[in-house]
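Visitor: Hi, could you walk me through a structure I just opened? I have a few quick questions.

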Amino acid sequence: MKLLFEHWRKFINEEDTRYDDNRNVLPPLPPTHATAIEEAGYTLIKYLGEGRMGVVYEVEDKETRQRLAAKIVGRHLPQYYSERKNYNWIIKNRDKLPDDVKEYVVDVYNLFEDSSGKHLVIFMELLKPAPENVVNQIFSSAAAIKGEYSPEKEERLLKDENAVYEIILDVLKKNSILRAERKYMGIKKEAMEAAAKRALRTYLVNKTVPKSTIPNVYTMVDVYDDSPGKQSFLTGKSQKTPRSPQWRNLFNAILNEMEELIIQTRVQEIPGATEAAIRTYLRIPANKGGGLPVFWSAASALEDDLTYYVNRKQVIPMTYGMPKDRPLGGSGPGVQGAFPEIEGILNAMKHLTQIGFNPRDMHTENIMMRADSNQLVMTDVGLFLVTKG
């Protein structure tokens, strides 16, 4: 499948100096790495990066002058044997894969153990990092975990009705206050789906968020100051990027439906209670005998959940086959449909799983790109799970 992004030729600048995540200069790498690479018949050109499993260099074949990537894994690491087994699997099986699967799998040429017995050197094709604004949309990254997010991802998601509906249903099911309601499990699936559909219709009608968007909701517009450097009114956490009008509209649309679901459960719990009485009770502060804290807790949980599903949750599963309600499971078909360019890599992951090589640990650092074709490639297969062969 041809990828839709044609702007993936914006590569990051390469640097010889090594830095940690805080841009502190790291000490020189062990000279034994250069020795191991020389023993294998290659010249070390430059340091490229490192992770938990090893250090990666750009190297050159002394005879052919071909440039490759060399990953060095220390034998003392507990992952040493899985790294050797998994990269050997690629060497033995990659050419047997269908073309539309093979193109997403890194090409591994050789595994070499140096004379010291301390290092395994994995020689593979030399790839380039994919642009951050591309991979951050579909894979988790350190930036997303820290609270930053991809504006492009949010914009694409909130323009797609199927994606928005799936997000609404997910956050309604996940909300901690709804789940804590004594009769929450008595809310039928049909009622939850109906609430999600109503929230979607409200969201689609209100393209921007005026004051008092919805009559019954405690609108966040007046008190929700999430401009850069300010703290969220609900969570107290610093917001680095203001929420878009679409995000706020969706928040209020869901919050309105959550209020109705809470009222439904309370009417069932309290004999003789009416919807109007419960609604009034939820709007009275606790110091006056009301239940307003319940609603604010529900709103705070909604903010966290909505931020997670829109900005932080991976579109492509980190571990293929994990259910979407699990942290490593990726998004559901509604959200995935907003990113048609991922179809090829998802199909490749599915095929690999079916033949016993289950993709795991998919995130921004483990996905790279072929410079000549803008093709995404799964590079770090050391943590893949071999279940057959």
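This is a predicted model: local features need pLDDT of at least 70, side-chain atom pairs count only at pLDDT 80 or more; totals for chains, interfaces and linings use all residues.

Visitor: Where does H33 sit, and is H33 buried or exposed?
Guide: H33 belongs to helix 1, residues 31-39. H33 has a relative accessible area of 8%, so it counts as buried.

Visitor: What does the side chain of H33 make a polar contact with?
Guide: With the side chain of Y57, at 2.6 Å.

Visitor: Switching to rings: how many aromatic pairs does the structure hold?
Guide: Seven. One of them is Y42 with F123: the centres are 4.2 Å apart and the planes are at 20°, so this pair is stacked.

Visitor: Which parts does that pair of Y42 and F123 tie together?
Guide: Y42 lies in strand 1 (residues 42-50) and F123 in strand 5 (residues 119-125), so the pair links parts 81 residues apart in sequence. Both Y42 and F123 are buried.

Visitor: What about F357 and F384, how are their rings arranged?
Guide: Their centres are 5.1 Å apart and the planes are at 55°, so that pair is tilted. F357 counts as buried at 1% relative accessibility, and F384 is buried too, with 4% relative accessible area.

Visitor: Which aromatic cluster includes F357 and F384?
Guide: The one they form together with W89.

Note on methods
Residues are numbered from 1 along each chain as its sequence is written. Side-chain values use heavy atoms; hydrogens and water are left out. Rings of Phe, Tyr and Trp (its six-membered ring) pair if their centres lie within 6.5 Å; planes under 30 degrees apart count as stacked, over 60 as edge-to-face and the rest as tilted. Helices (H or I, at least four residues) and strands (E, at least two) are DSSP runs, numbered from the N terminus. Buried means under 20% relative accessible area, exposed over 50%, partly exposed in between (1.4 Å probe, protein chains only). A polar contact is a pair of N or O atoms within 3.5 Å; within protein, one must be able to donate a hydrogen and the other to accept it, and residues adjacent in sequence count only if both atoms are side-chain atoms.
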